[in-house]
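Here is a short briefing on one protein model. Look at the sequence and the structure first, then work through the points below.

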Amino acid sequence: MDCRRLHPILALLALTLMVVALACPPDSAAAAQPGMAMATPIEPPPARSLPLPISAGLLERRLASWPAWSLPAPLPRPDRDDLIWPAWFRGEWEVSSTSADGAEPPLRWRARFVPNGNGGAVADRAFNASQIGKALLGDELISVRNDPANPNRQVSLLRGDRQLESTVVGRRSARPDGATFLADELTLQLFHGPGAPRISRVEVLGLWQRHEDGSISGEQWQASYGSPAAGLAAQADHPQRFSLRLVPLPPGSDRAS
């Protein structure tokens, strides 16, 4: 896997950048390590044209500037608040994704969103990250666990005594209408393994739309930045775009996965 051709990080699922950590040495664009599982190819989701809502404000302007993103971004620090999704995300989903240019093989995995007790939904972050992590990395991924004191932080354990810490450090969302949702997250990634720790930042902006059949389609735009040790200001690198589709599953169907 080329470091410049990465599968989606998916702010939707709070995924870690474990693919980069495994596949990309600090100063090279090396191929992925042997033993990484190949995801089962599927038919890509149908192409959809998602209209940009005029009322999206800052997020609409951010999207319009992609791929020429830079930091600092208009993303407030989330403190210890989780990302709240519309109620129509609740439940179990089969998710499929494909890169916009078709350079990456399509993927399929499962996702779960639970009620937040206040009329919305939150992602089951550890479950979702484990599902796509296993699809991409197979046995290389040992486990993913949430920080019980901070819903915006996860720790992924990898074979070979490797560990990846992932913390959301910036976030903004908007609900311009009842069937459309936008969310932008900036995540700090800290990889512990052989040699010095590696630090990077990843931004993912998603535009989601609910359909009459209960499915959800989405587009995601993402880019990476260097370590904040080099300065808080930074220019985006490795821009990518992905199309996704979420199809509802019967409750409890994830137990067999």
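Strand 2 (91-99) and strand 3 (107-115) pair in the antiparallel sense over 7 bridges. Strands here are DSSP runs of E with at least two residues, helices are runs of H or I with at least four, and both are numbered from the N terminus. Two strands count as paired if DSSP finds at least two bridges between them. This is a predicted model: local features need pLDDT of at least 70, side-chain atom pairs count only at pLDDT 80 or more, and totals for chains, interfaces and linings use all residues. Residues are numbered from 1 along each chain as its sequence is written, and side-chain values use heavy atoms, with hydrogens and water left out.

**The sheet**

- Strands of a sheet pair through backbone hydrogen bonds, either parallel or antiparallel.
- An open sheet of 10 strands has the order 4-3-2-12-10-9-8-7-6-5. Its pairing is antiparallel.
- Strand 4 (121-123) and strand 5 (141-147) stand at the edges. Each has a single partner strand, so one side of each is left without a neighbour in the sheet.
- From one strand to the next, the twist averages 30°.

**Strand pairs**

- Strand 3 and strand 4 run antiparallel and are joined by 3 bridges. V114 has V122 in strand 4 as its bridge partner.
- Strand 3 and strand 4 form a hairpin with 5 residues between them. In the turn, G117 has a positive phi of about 80°.
- Strand 9 (residues 198-210) pairs with strand 10 (residues 216-225) in the antiparallel sense, over 10 bridges. V202 has S224 in strand 10 as its bridge partner.

**A helix across the sheet**

- Helix 3 (residues 125-137) lies across strand 3, strand 4, strand 5, strand 6 (150-158), strand 7 and strand 8. Contact means heavy atoms within 4.5 Å.
- Helix 3 runs at about 175° to strand 3. Axes are lines fitted to C-alpha atoms, for helices over the stretch in contact, and angles run from 0 to 180 degrees between N-to-C directions.

**Aromatic pairs**

- Rings of Phe, Tyr and Trp (its six-membered ring) pair if their centres lie within 6.5 Å. Planes under 30 degrees apart count as stacked, over 60 as edge-to-face, and the rest as tilted.
- By this rule the count is 8 aromatic pairs.
- The ring centres of W85 and F113 are 5.8 Å apart and the planes stand at 70°, so this pair is edge-to-face.
- W85 lies in the loop between strand 1 (70-71) and strand 2, and F113 in strand 3, so the pair ties together parts that are 28 residues apart in sequence.

**Backbone details**

- A cis peptide bond joins W66 and P67, with omega about 10°. P67 lies in the loop between helix 2 (58-65) and strand 1.
- The bond from L71 to P72 is also cis, with omega near 5°. P72 is in the loop between strand 1 and strand 2.
- D161 is not a glycine, yet has a positive phi of about 55°. D161 lies in the loop between strand 6 and strand 7.
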